[in-house]
Amino acid sequence: MPDSATLEAVNIDQDEGNFSYPEEYAHDAGYGLNEDTIDFISNVKGEADWIREFRKKALKIFESKPMPTHWASEDLENIKFDDIRYYLAKGQRPTRSWDEVPDDVKQTFERLGIPEKERKYLAGVEAQFDSEAAYSNVKEELEKQGVIFVNSTEGLREYPDVFRKWFGKVIPTGDNKFSALNSAVFSGGSFIYVPPGVKVAHPLQAYFRINAENFGQFERTLIVVDEGAEVTYMEGCTAPKFETATLHSAVVELVAMKDAKIQYITVQNWSNNVFNLVTKRGMAHENAEIRWIDCNIGSRLTMKYPGVIMKGRKARGEVISIALANDGQHQDTGAKMIHAADETTSNIVAKSISVGEGRSTYRGQVHIPKNLKGCKNNTECDALLINSNSRTDTYPAITVRGNQHATQHEASVSQVSEDQIFYMQQRGLSEGEAMSLSVNGFVNDLVREFPMEYSVELKRLIDMEMEGSVG
Amino acid sequence: MSDSLKIENLHASVEGNEILKGLTLEIPKGEVHAIMGPNGSGKSTLSKVLAGNEEYDVSEGTVKMDGVDLLDLEVDERSREGFFLAFQYPHEIPGVSNANFLRAALQARLPKGEEIDAVAFYKTMYEKMDALQMDRKFTGRSVNDGFSGGEKKRNEILQMMMLEPKYAVLDETDSGLDIDALKIVAEGVNRMRGPERGFLVITHYQRLLDYIVPDVVHVMVDGQIVKSGGKELAHELEEKGYDWVTEELAVA
Ligand SMILES: Nc1ncnc2c1ncn2[C@@H]1O[C@H](COP(=O)(O)OP(=O)(O)O)[C@@H](O)[C@H]1O
Ligand SMILES: [Mg+2]
């Protein structure tokens, strides 16, 4: 992190991601989406025919699917697909050295503190600037152990036997309109493979940065962790504040083989012009564990329901989610737990904070079919409201068939009352500090379980967001 | 002009009802004043108006703290300027530990960019907690969350000791305390008495004033100070009841 003097010197807004560099792109697919757009992308990437076909099929599905406004926000109608650019790239392959990264891109990530974090505690980093990764590096010892950490273009080209098997299998193209969109125009994202028994001690990190206006970012991530292996992956996202809407629509697929463990951590801090419509799902084989830690701060509308399909006996799925909806924001988040084997266990803890006119919605789905035995689910949704205009809705859908299962569901709504703020202010905290401390207190029990660096980062983002919410 | 907390002709109302009706009171720095009065006379209202609670409208009057116009300041500014209120009903802050809260409150008093010295902070906090016979485990517990009435009151005094205000108002700090706890809390307050600080102790009962012996006792009835005197006034009130004052007023 640059210190405050540096921040002031380069004149970054309080919202630290709010800066951008002039656009200089070698490849620009132009505005709007049709078959030519796809050919453009496929040609630039030099893709195999099956990928081109995969994309074109996806485009048809995307076009045929209606906007899900019958259950989701009407605000989706405001996405103007014709006004979006679907591919912007500088035409360079990702480098392994920050020195070779183009200056503006390098400066962007330096301002976001990425190289510093890499030095301190990361096992590998991928930094994506608009459509393509600019930097990608993994510690040598991991590489020697056979860990693959590349972007999607390279993953499909260099390691088809590893990735093609699972690509689009956890989340089929037609899962929803936006997974279809991603499948048509995907670019960037991480492809990770961890060989059997390899336990990656430090997190791998990806950072997704949108720099250009009227742009859509469609990264595609696939993480395959082989038997008994373990990995923690963290992603961060920011974009500048533009007047116009920006679209971010990712697809993330996780595969945990027998006895494997995946922890996937998201810290999203999109500016409030970004539509963030992301499909994330993992498949856990026997005795495997998939854990999503999903923190959504910022964006205009986020729709994201990380899920786990527990496919093998004793598989475990967990979603821990924190959503903060400030004025003008709607966090529509939740979790999907599909039990598909005996003795599978899932746990959902969702905490949402609504501030001012901010709106948060929890949507959950827990599915336990009749033929299974000994499945468990625990669902806990807590909402915190800060001032009376805030709105929160909970739609938990728990379908449990058969009587050989244990499920538990708890929900609560609490308020940060004016009395509480008054009490804290009487001790000398400003209104913003008081709200920030209340919010941090509300999520504290979850944050304690996060890796240290990450909880610090989250606290900082909450502080920034709450400070900014006081008029 | 000597330093004091000076309240003059203070009128305040809530939801259209006037509660404080021209209250005048001066607490010179270094003194301990007590306010006694029947329930509903406006004692807590006074404390909250002094702290700057926005629920109450101040229509008239002034409050000067060492010459600074308190009514011009925000709640947190008043606090940082040296005004402290020990609440009659301290609020709970779920998930925020006592230590973190105190630390944030102290941090708020430092210039931007300056960090609190964590080691010194814990040392001071433990000292004060020992004086109040508070178990160390309270540092990790959420502020007032699940505390007994007595624990909450002790916690208010701990906060006061940490923040070292110029003027402190204690609103019925004795209520909910057994006699042992009362003595401990009183001892804590007495240790803070000195020429650099003024206290306003609000209480319903004379009992507390046996342990925190006031310099001046005021009687508050219906939003005004109706009688002031020495510490013996508290005993007189205890014997004769508040009716005595109101009757005396009616006669006068
Ligand atoms: N926030 C409020 N809303 C409505 N009435 C209030 C409020 N605060 C105080 N009052 C009223 O003002 C009067 C004085 O209350 P209070 O200051 O609590 O008295 P005391 O502390 O002396 O018992 C009471 O009649 C009480 O009902
Ligand atoms: Mg009272």
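Reply: Helices (H or I, at least four residues) and strands (E, at least two) are DSSP runs, numbered from the N terminus. This is a predicted model, in which local features need pLDDT of at least 70 and side-chain atom pairs count only at pLDDT 80 or more, while totals for chains, interfaces and linings use all residues. Residues are numbered from 1 along each chain as its sequence is written, chains are lettered from A and ligands numbered from 1 in the order in which they are written, and side-chain values use heavy atoms, with hydrogens and water left out.

Across the whole structure there are three cavities of 30 Å³ or more, a cavity being a set of points, on a 1 Å grid over the protein atoms alone, where a 1.4 Å probe fits but cannot get out. The volume of the largest cavity is about 110 Å³, taken as the space filled by probe spheres set on grid points that are joined across faces, edges and corners. Five elements of chain A, namely helix 5 (114-121), strand 7 (204-209), strand 10 (230-238), strand 13 (261-270) and helix 12 (452-468), each give at least two residues to its lining. Sorted by class, the lining of the largest cavity comprises seven nonpolar, two polar and three charged residues, where Ala, Val, Leu, Ile, Met, Phe, Trp, Tyr, Cys and Pro count as nonpolar, Asp, Glu, Lys and Arg as charged, and the others, Gly among them, as polar.

Turning to the ligand, 13 residues surround ligand 1, and the closest are G40(B), K43(B), S44(B), T45(B) and Y56(B); a residue belongs here if one of its heavy atoms lies within 4 Å. The shell around ligand 1 has four nonpolar, six polar and three charged residues, and helix 1 (residues 43-51) of chain B contributes three residues, the largest share. An oxygen atom of ligand 1 lies 2.9 Å from a backbone N or O atom of S44(B), and an oxygen atom of ligand 1 is 2.5 Å from a side-chain N or O atom of T45(B). On the side chain of E55(B), an N or O atom is 3.0 Å from a nitrogen atom of ligand 1.

Note on methods:
1 Å grid on protein atoms, 1.4 Å probe; cavity = no way out; pocket = protein on both sides within 12 Å on 5 of 7 lines; lining within 4 Å. Polar contact = N/O pair within 3.5 Å; in protein donor to acceptor, adjacent residues only side chain to side chain.
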